[in-house]
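Dear colleague,

Please find below the structure that I am handing over to you. My notes on it follow directly after.

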Amino acid sequence: MPRSRPLPGSLPTVLLSRRSFGISALSLAAAGLAGCAGNNIGGGSPSPETPASASPAGDPIGQGQYRVALILPLSGGGNAGLAAQSMKNAAELALSEFSSTDIQLLVKDDAGNPQLARMVANQAMDEGAQIILGPLFAQTVQAAGSVARPRNIRVIGFSTDTSVAARGVYLLSFLPETDVARVLSYASANGKRSYAAIIPENAYGSVVEAKFREDVARRGGRVAALERYEKTQLQTAINAVAQAARSADAIFIPDGGDVAPDIARGLAAGGVNTRRAQLLGTGLWDDPRIFGDTAMLGGVYAAPDPAGFASFAQRYRARYGGEPVRTATLAYDATALVVALVRSQGPQRITDEMLTNPSGFAGIDGIFRFKPDGTNERGLAVMQVASGGGQIVSAPPKSFTGS
């Protein structure tokens, strides 16, 4: 399906994944992506017969002339190192699914350490890197950006902390603000005006509370009740919201599968009709513990269309013989974006104007675009909690309004 045309002089929308998104004002052949049919991009797809071994950490990936740094905490402890390896594999997969790429990924390990992130970012730029993908954490993104911006090198980081975003330092992550905006847009369109909320007392909670209050007011609604909670005082917060929220149209519960069902049951026990008052959540609800709890049935949350990740995960398993982490698509899309920009724009350095194209880009998890302040906007679906998993009740947009 064709996408809307970009503004005059802007970079046309480009296809980043195997999914069948169109390219406005730019032919598939001109983008170097000819042969797109259904869910396949022609040329260079790896054979799924035997799993490929991952490239050792530190070895460049690809033989192209256009050098791109990929900074990840490969030697980080616990989940950080596991996530980093999966994201590195995803970047490698992205290169393998485009034929004749002129890209070489310079893989750098920052171990999740800001000083090391600064050092390896400088090292990569000294080696000719013209853009940096990563790092993963807020402090390491900030550190890499602090040395890249003075050298006119753009960073596409994977942190969800918008305080480290800036012009020249762009975040490709799933931002909680986008989840809140999407689910409130859906609720408002379905007549919800009076809202209650019960929000965790942590940094994530502070971000979603600010966006929640802002969007409810902007859409002409009102906040009838709002409580923050520490886990040790959860019942106190539930009781306070239950007393004030019996007439609310919707109840916002931005927490994960270990807490949200307890809140829903506690509110029901306190006299709140959670079948009449719509339960609202964020991407944290994309969790089997949510789907397996009857107290959550019928609730809605914002998330990418799961079909994109399912297709990506199948290809990842075929190549590497294991499951990708959920954030692996960020590394895939970042790499594919650079490939597409180099193909459409030539080997010139990637600019802010290219990255902030208002028409945006189409990736594994749907459409996205970078804002001039370094944050991003994503086209998310609204999913409803069902016993078998999330079901789409509002499809993700295919283009951005105003692009």
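Pro135 sits in the loop that runs between strand E3 (131-133) and helix H3 (138-148). In this predicted model, the peptide bond between Gly134 and Pro135 is cis, with omega about -5 degrees. Most peptide bonds are trans, and most residues other than glycine have a negative phi.

Two residues depart from the latter pattern. Ala111 has a phi near 55 degrees, a positive value although the residue is not glycine. Ala111 belongs to the loop between strand E2 (103-109) and helix H2 (114-126), and its relative accessible area of 32% makes it partly exposed. Asn152, likewise not a glycine, has a positive phi of about 60 degrees. Asn152 is placed in the loop between H3 and strand E4 (154-157) and is partly exposed, at 41% relative accessibility.

As to the chain as a whole, the protein has 11 helices and 15 strands. Of its 403 residues, 56% are buried. Among contacts between residues at least 6 apart in sequence, 68% join residues at least 24 apart. The average pLDDT is 86, and 85% of the residues score at least 70. Residues 1-56, however, have a pLDDT below 50, although this stretch has 147 contacts in the model beyond near neighbours in sequence. Where pLDDT is low, the predicted coordinates should not be read in detail.

Seven strands form an open sheet in the order E7-E6-E8-E9-E10-E14-E15, and their pairing is mixed. Strand E7 (222-229) and strand E15 (389-394) are at the edges; each has a single partner strand, so one side of each is left without a neighbour in the sheet. From one strand to the next, the twist averages 30 degrees. At the E15 edge, strand E14 (residues 381-386) pairs with E15 in the antiparallel sense over five bridges. Val382 stands opposite Ser394 of E15.

Which strands does helix H4 touch where it packs on the sheet? Helix H4 (residues 176-189) touches strand E6 (194-200), strand E8 (250-252), strand E9 (278-281), strand E10 (300-303), E14 and E15, and its direction makes about 135 degrees with that of E10. Helix H5 (residues 203-218) also packs on the sheet, where it touches E6, E7 and E8. The direction of H5 makes about 175 degrees with that of E7.

These two helices also pack on each other, at an angle of about 35 degrees and with their axes 9 Å apart. The crossing of H4 and H5 is right-handed. On the H4 side, the contact involves Pro176, Glu177, Val180, Ala181 and Leu184; on the H5 side, the residues include Tyr204, Val207, Phe212 and Val216. The residues of this contact comprise nine nonpolar, no polar and three charged.

Apart from its neighbours within four places in sequence, Gly256 is in contact with Pro261, Leu284 and Ile290. Its C-alpha atom is separated by 8.5 Å from that of Arg289, 33 residues apart along the chain.

Gly346 lies in the loop between helix H10 (328-345) and helix H11 (352-355). Gly346 is partly exposed, with a relative accessible area of 21%. The C-alpha atoms of Gly346 and Tyr66 are separated by 9.8 Å, with the two residues 280 apart along the chain.

With kind regards

Key. Residues are numbered from 1 along each chain as its sequence is written. This is a predicted model: local features need pLDDT of at least 70, side-chain atom pairs count only at pLDDT 80 or more; totals for chains, interfaces and linings use all residues. Side-chain values use heavy atoms; hydrogens and water are left out. Two strands pair if DSSP finds at least two bridges between them. Helices (H or I, at least four residues) and strands (E, at least two) are DSSP runs, numbered from the N terminus. Axes are lines fitted to C-alpha atoms, for helices over the stretch in contact, and angles run from 0 to 180 degrees between N-to-C directions. Contact means heavy atoms within 4.5 Å. A crossing is left-handed if the near helix is turned anticlockwise from the far one by less than a right angle, and right-handed if clockwise. Ala, Val, Leu, Ile, Met, Phe, Trp, Tyr, Cys and Pro count as nonpolar, Asp, Glu, Lys and Arg as charged, and the others, Gly among them, as polar. pLDDT is the predictor's confidence in each residue, from 0 to 100. Buried means under 20% relative accessible area, exposed over 50%, partly exposed in between (1.4 Å probe, protein chains only).
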